[in-house]
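Take a look at the chain below. Then we will walk through it step by step.

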Amino acid sequence: MPKIIFLPNEELCPDGAVVEAEKGESVLNVALRNDIGIEHACEKVCACTTCHIIIREGFDSIEEGDELEEDMLDKAWGLEPESRLSCQSIVGDEDLVVDIPKYTVNMVSETH
């Protein structure tokens with residue numbers, strides 16, 4: 001079973017976290033199930049960038065993003081080559097190391 005290592009994030013997981021994931025589920029769903037409240041204003045339909053993450057390790061093990069995701073990512077704060085939307089990042093066979101950016105383009109946090 002692959003693991004996701006969430007690097008420390010001041011607000012969402014100050015100490016970081018190591019959690020188990022099921023192959024085929026999204027990084028966002030894994031995070032939410034483990035009480036890591038990654039913002040997701042569009043309810044996981046790839047219509048915003050609030051769930052932007054950076055895959056520090058294991059990037060090549062997740063499916064490639066499609067054109068819609070690439071277009072959305074162009075609007076994300078702090079975009080890097082390994083940036084993805086966590087709602088579209090599907091866990092494969094390898095462990096992942098995930099960095100949750102400190103900021104999003106969302107001015108007000110959504111509560112889910």
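What percentage of the 112 residues in the chain do buried residues make up? The share is 43%. Buried means under 20% relative accessible area, exposed means over 50%, and partly exposed lies in between (1.4 Å probe, protein chains only).

This is a predicted model, where local features need pLDDT of at least 70, side-chain atom pairs count only at pLDDT 80 or more, and totals for chains, interfaces and linings use all residues. Residues are numbered from 1 along each chain as its sequence is written, and side-chain values use heavy atoms, with hydrogens and water left out.

Start with the overall plan. The chain has 2 helices and 5 strands. Helices (H or I, at least four residues) and strands (E, at least two) are DSSP runs, numbered from the N terminus. In sequence order, the pattern is β-β-α-β-α-β-β. The chain's radius of gyration is 13 Å, close to the 13 Å from the globule rule for 112 residues, so the chain is as compact as a globular protein of that length. That radius is taken over C-alpha atoms, and the globule rule is 2.2 Å times the number of residues to the power 0.38. The C-alpha trace spans about 35 × 30 × 20 Å along its principal axes.

Now turn to the charges. A salt bridge is a side-chain nitrogen of Lys or Arg within 4 Å of a carboxyl oxygen of Asp or Glu. By this rule the count is 7 salt bridges.

One of them pairs Lys23 with Asp93, with the closest N and O atoms 3.2 Å apart. Lys23 sits in the loop between strand E2 (17–20) and helix H1 (27–33), and Asp93 in the loop between strand E4 (83–85) and strand E5 (96–99), so the pair ties together parts 70 residues apart in sequence. Lys23 is exposed, at 55% relative accessible area. Asp93 is exposed too, at 61%.

Another salt bridge joins Glu25 and Arg33, with the closest N and O atoms 2.7 Å apart. Glu25 is buried, because its relative accessible area is 15%. Arg33 is partly exposed, at 46%.

Next comes Arg56, which forms a salt bridge with Asp99, at 3.0 Å between the closest N and O atoms. This pair links distant parts of the chain: Arg56 is in strand E3 and Asp99 in strand E5, 43 residues apart. Arg56 is partly exposed at 37% relative accessibility, while Asp99 is buried at 18%. Salt bridges with shared partners join Arg56, Glu80 and Asp99 into one network.
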